[in-house]
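Morning, everyone. I have one model to walk through today. Here it is on the screen.

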Amino acid sequence: VVDLLPASFWGRQTRIRGEQGDEMSTAAPKTEAWTEAEAKTYVASASAGRSWSDDPARVPWSLALTVVRQDCPGARLLLDVGSGPGGFLGFALTFFPAANGIWMDPSETMRESAMRNLAEFEPRVEYILGDFSKIKAAAPSGQVDLITSARATHHLLLPDLDEYYASCFDLLAPGGWLANHDIMLPTPEWERRLRDADTEIR
(Lines give C-alpha, C1' and ligand atoms only; values in the text may rest on other atoms or scores of the structure.)
Protein backbone atom coordinates (compact mmCIF):
# COMPACT_ATOMS: atom_id res chain seq x y z
CA VAL A 1 0.00 0.00 0.00
CA VAL A 2 0.96 3.65 -0.03
CA ASP A 3 2.34 5.50 2.98
CA LEU A 4 1.02 9.08 2.62
CA LEU A 5 2.50 11.71 4.90
CA PRO A 6 1.56 15.41 4.74
CA ALA A 7 4.19 17.93 5.80
CA SER A 8 2.15 18.54 8.96
CA PHE A 9 3.03 14.99 10.07
CA TRP A 10 6.37 16.37 11.24
CA GLY A 11 4.78 18.92 13.55
CA ARG A 12 6.31 16.88 16.38
CA GLN A 13 9.72 15.23 16.53
CA THR A 14 9.53 11.61 15.39
CA ARG A 15 11.90 8.67 15.29
CA ILE A 16 11.75 5.32 13.53
CA ARG A 17 11.73 2.62 16.20
CA GLY A 18 12.38 -1.11 16.30
CA GLU A 19 9.76 -3.76 16.90
CA GLN A 20 10.13 -3.48 20.69
CA GLY A 21 9.92 0.32 20.63
CA ASP A 22 13.66 0.84 21.12
CA GLU A 23 15.39 3.37 18.92
CA MET A 24 17.68 1.74 16.39
CA SER A 25 21.37 2.41 16.85
CA THR A 26 22.79 5.09 14.57
CA ALA A 27 25.90 2.94 14.35
CA ALA A 28 24.08 0.45 12.08
CA PRO A 29 25.72 -0.13 8.67
CA LYS A 30 24.58 1.99 5.74
CA THR A 31 22.09 0.69 3.20
CA GLU A 32 23.78 -0.66 0.08
CA ALA A 33 22.58 0.49 -3.35
CA TRP A 34 22.08 -2.18 -5.98
CA THR A 35 24.73 -2.79 -8.61
CA GLU A 36 24.56 -1.78 -12.26
CA ALA A 37 24.34 -5.48 -13.17
CA GLU A 38 21.26 -5.83 -10.96
CA ALA A 39 19.78 -2.69 -12.49
CA LYS A 40 20.29 -4.03 -16.01
CA THR A 41 18.64 -7.31 -15.05
CA TYR A 42 15.66 -5.45 -13.59
CA VAL A 43 15.22 -3.23 -16.64
CA ALA A 44 15.44 -6.23 -18.98
CA SER A 45 12.98 -8.38 -17.03
CA ALA A 46 10.50 -6.00 -15.43
CA SER A 47 10.29 -3.15 -17.92
CA ALA A 48 10.93 -4.60 -21.36
CA GLY A 49 8.18 -3.60 -23.76
CA ARG A 50 6.17 -1.86 -21.03
CA SER A 51 5.52 1.86 -20.73
CA TRP A 52 5.28 3.67 -17.40
CA SER A 53 1.48 3.83 -17.82
CA ASP A 54 1.24 0.01 -17.88
CA ASP A 55 3.01 -0.51 -14.56
CA PRO A 56 1.11 -2.92 -12.25
CA ALA A 57 1.37 -0.30 -9.50
CA ARG A 58 -0.79 2.19 -11.41
CA VAL A 59 -3.77 1.66 -9.05
CA PRO A 60 -2.01 2.48 -5.75
CA TRP A 61 -0.11 5.30 -7.48
CA SER A 62 -3.36 6.78 -8.77
CA LEU A 63 -4.94 6.49 -5.31
CA ALA A 64 -2.03 8.28 -3.67
CA LEU A 65 -1.86 11.02 -6.27
CA THR A 66 -5.61 11.60 -6.08
CA VAL A 67 -5.37 12.18 -2.31
CA VAL A 68 -2.43 14.57 -2.80
CA ARG A 69 -4.22 16.46 -5.57
CA GLN A 70 -7.21 17.01 -3.27
CA ASP A 71 -4.98 18.93 -0.85
CA CYS A 72 -2.34 20.31 -3.22
CA PRO A 73 -3.90 20.80 -6.69
CA GLY A 74 -1.36 23.42 -7.75
CA ALA A 75 1.80 21.37 -7.17
CA ARG A 76 4.70 22.81 -9.16
CA LEU A 77 7.75 20.72 -8.20
CA LEU A 78 7.86 16.95 -7.79
CA LEU A 79 10.78 14.80 -6.64
CA ASP A 80 10.84 11.04 -7.23
CA VAL A 81 13.55 9.25 -5.23
CA GLY A 82 14.78 5.77 -6.11
CA SER A 83 12.91 6.46 -9.31
CA GLY A 84 14.26 3.57 -11.38
CA PRO A 85 12.55 3.46 -14.79
CA GLY A 86 10.41 6.45 -13.79
CA GLY A 87 6.94 4.96 -13.56
CA PHE A 88 5.71 6.78 -10.47
CA LEU A 89 7.13 10.07 -11.74
CA GLY A 90 5.34 9.60 -15.07
CA PHE A 91 2.03 9.18 -13.27
CA ALA A 92 2.71 12.19 -11.05
CA LEU A 93 3.52 14.42 -14.02
CA THR A 94 0.25 13.35 -15.62
CA PHE A 95 -1.73 14.19 -12.46
CA PHE A 96 0.03 17.56 -12.17
CA PRO A 97 0.44 18.85 -15.76
CA ALA A 98 1.80 22.23 -14.64
CA ALA A 99 4.56 20.67 -12.51
CA ASN A 100 8.19 19.92 -13.23
CA GLY A 101 9.73 16.69 -11.98
CA ILE A 102 13.09 15.64 -10.62
CA TRP A 103 14.11 12.04 -11.27
CA MET A 104 16.66 10.73 -8.74
CA ASP A 105 18.35 7.33 -8.61
CA PRO A 106 21.96 6.16 -8.17
CA SER A 107 21.92 3.97 -11.29
CA GLU A 108 23.07 5.15 -14.71
CA THR A 109 21.26 2.16 -16.23
CA MET A 110 18.02 3.33 -14.64
CA ARG A 111 18.61 6.89 -15.81
CA GLU A 112 18.93 5.72 -19.40
CA SER A 113 15.74 3.67 -19.05
CA ALA A 114 13.85 6.56 -17.46
CA MET A 115 14.93 9.01 -20.16
CA ARG A 116 13.36 6.72 -22.74
CA ASN A 117 10.24 6.10 -20.67
CA LEU A 118 9.68 9.77 -19.78
CA ALA A 119 10.62 11.30 -23.11
CA GLU A 120 7.07 12.58 -23.62
CA PHE A 121 7.45 14.84 -20.58
CA GLU A 122 10.55 16.70 -21.78
CA PRO A 123 11.63 19.36 -20.92
CA ARG A 124 9.78 19.04 -17.60
CA VAL A 125 12.11 16.39 -16.13
CA GLU A 126 15.56 16.90 -14.57
CA TYR A 127 17.73 13.80 -14.00
CA ILE A 128 20.00 13.55 -10.95
CA LEU A 129 22.17 10.57 -10.07
CA GLY A 130 22.04 10.01 -6.31
CA ASP A 131 20.60 7.75 -3.62
CA PHE A 132 18.24 8.37 -0.70
CA SER A 133 21.01 9.91 1.38
CA LYS A 134 21.61 12.64 -1.21
CA ILE A 135 18.11 14.07 -1.60
CA LYS A 136 18.88 17.38 0.09
CA ALA A 137 21.05 18.20 -2.92
CA ALA A 138 18.14 17.68 -5.31
CA ALA A 139 16.20 20.89 -4.58
CA PRO A 140 16.18 23.95 -2.31
CA SER A 141 14.81 23.50 1.20
CA GLY A 142 11.06 24.06 1.46
CA GLN A 143 10.42 24.10 -2.30
CA VAL A 144 9.16 20.60 -3.20
CA ASP A 145 5.39 20.05 -3.30
CA LEU A 146 5.44 16.26 -3.60
CA ILE A 147 8.14 13.67 -2.92
CA THR A 148 7.44 10.18 -4.24
CA SER A 149 9.20 6.83 -4.02
CA ALA A 150 8.04 3.40 -5.14
CA ARG A 151 9.11 -0.08 -4.07
CA ALA A 152 12.42 1.25 -2.79
CA THR A 153 12.43 2.31 0.87
CA HIS A 154 12.17 -1.29 2.08
CA HIS A 155 15.84 -1.54 1.10
CA LEU A 156 16.74 1.09 3.72
CA LEU A 157 17.92 0.18 7.19
CA LEU A 158 15.83 1.85 9.88
CA PRO A 159 18.36 4.58 10.75
CA ASP A 160 18.62 5.45 7.06
CA LEU A 161 14.83 5.49 6.70
CA ASP A 162 14.64 7.84 9.67
CA GLU A 163 17.20 10.15 8.05
CA TYR A 164 15.36 9.98 4.72
CA TYR A 165 12.04 11.08 6.23
CA ALA A 166 13.76 13.93 8.07
CA SER A 167 15.37 15.06 4.80
CA CYS A 168 11.99 14.91 3.06
CA PHE A 169 10.49 17.22 5.67
CA ASP A 170 13.31 19.69 5.08
CA LEU A 171 12.62 19.74 1.34
CA LEU A 172 8.82 19.89 1.45
CA ALA A 173 7.02 23.17 0.89
CA PRO A 174 4.23 24.14 3.34
CA GLY A 175 1.31 21.85 2.55
CA GLY A 176 3.59 19.45 0.65
CA TRP A 177 3.33 15.67 0.69
CA LEU A 178 5.43 12.52 0.79
CA ALA A 179 3.92 9.55 -1.06
CA ASN A 180 5.89 6.37 -0.40
CA HIS A 181 4.61 3.28 -2.22
CA ASP A 182 5.91 0.25 -0.38
CA ILE A 183 4.86 -2.42 2.12
CA MET A 184 2.85 -0.53 4.74
CA LEU A 185 -0.42 -0.93 6.68
CA PRO A 186 -2.78 2.10 6.77
CA THR A 187 -4.53 3.38 9.88
CA PRO A 188 -8.38 3.36 9.79
CA GLU A 189 -8.41 7.09 8.93
CA TRP A 190 -6.07 6.61 5.96
CA GLU A 191 -7.95 3.52 4.84
CA ARG A 192 -11.09 5.69 4.66
CA ARG A 193 -9.30 8.42 2.67
CA LEU A 194 -7.84 5.90 0.23
CA ARG A 195 -11.27 4.30 -0.25
CA ASP A 196 -12.71 7.75 -0.98
CA ALA A 197 -9.94 8.36 -3.52
CA ASP A 198 -10.64 4.96 -5.12
CA THR A 199 -14.31 5.95 -5.50
CA GLU A 200 -13.31 9.24 -7.14
CA ILE A 201 -11.09 7.66 -9.81
CA ARG A 202 -13.49 4.88 -10.78
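From the N terminus on, the elements run β-α-α-β-α-β-α-β-β-α-β-α. That is 6 helices and 6 strands. Both kinds are DSSP runs, numbered from the N terminus: helices are H or I with at least four residues, strands are E with at least two.

Ground rules next. This is a predicted model, where local features need pLDDT of at least 70, side-chain atom pairs count only at pLDDT 80 or more, and totals for chains, interfaces and linings use all residues. Residues are numbered from 1 along each chain as its sequence is written, and side-chain values use heavy atoms, with hydrogens and water left out.

Now the whole chain. Of its 202 residues, 48% are buried. Buried means under 20% relative accessible area, exposed means over 50%, and partly exposed is in between, with a 1.4 Å probe and protein chains only. Contacts next, meaning heavy atoms within 4.5 Å. Among those between residues at least 6 apart in sequence, 76% join residues at least 24 apart.

On to a loop residue. Thr153 sits between strand 5 (144–150) and helix 5 (158–171). Is Thr153 buried or exposed? It counts as buried, because its relative accessibility is 3%. The Thr153 side chain makes a polar contact with the side chain of Asn180, at 3.0 Å. Another goes to the side chain of Asp182, also 3.0 Å. A polar contact is a pair of N or O atoms within 3.5 Å; within protein, one must be able to donate a hydrogen and the other to accept it, and residues adjacent in sequence count only if both atoms are side-chain atoms. Leaving out residues up to four places away in sequence, Thr153 touches Phe132, Leu161, Tyr164, Asn180 and Asp182.

Next, helix 4, residues 108–117. Thr109, Met110, Ser113 and Ala114 are buried there. They cover an arc of only 130° around the axis, so they lie on the same side of helix 4. That arc is taken from the directions from the helix axis to the C-beta atoms. Ser107 caps the N-terminal end: a side-chain oxygen lies 3.2 Å from the backbone nitrogen of Thr109.

Last, a helix pair. Helix 2 (residues 58–71) packs with helix 6 (residues 188–201) at about 95°, axes 9 Å apart. Axes are lines fitted to C-alpha atoms, for helices over the stretch in contact, and angles run from 0 to 180 degrees between N-to-C directions. The two helices are therefore roughly perpendicular, a label for 65 to 115 degrees; under 35 is roughly parallel, over 145 roughly antiparallel, the rest oblique.
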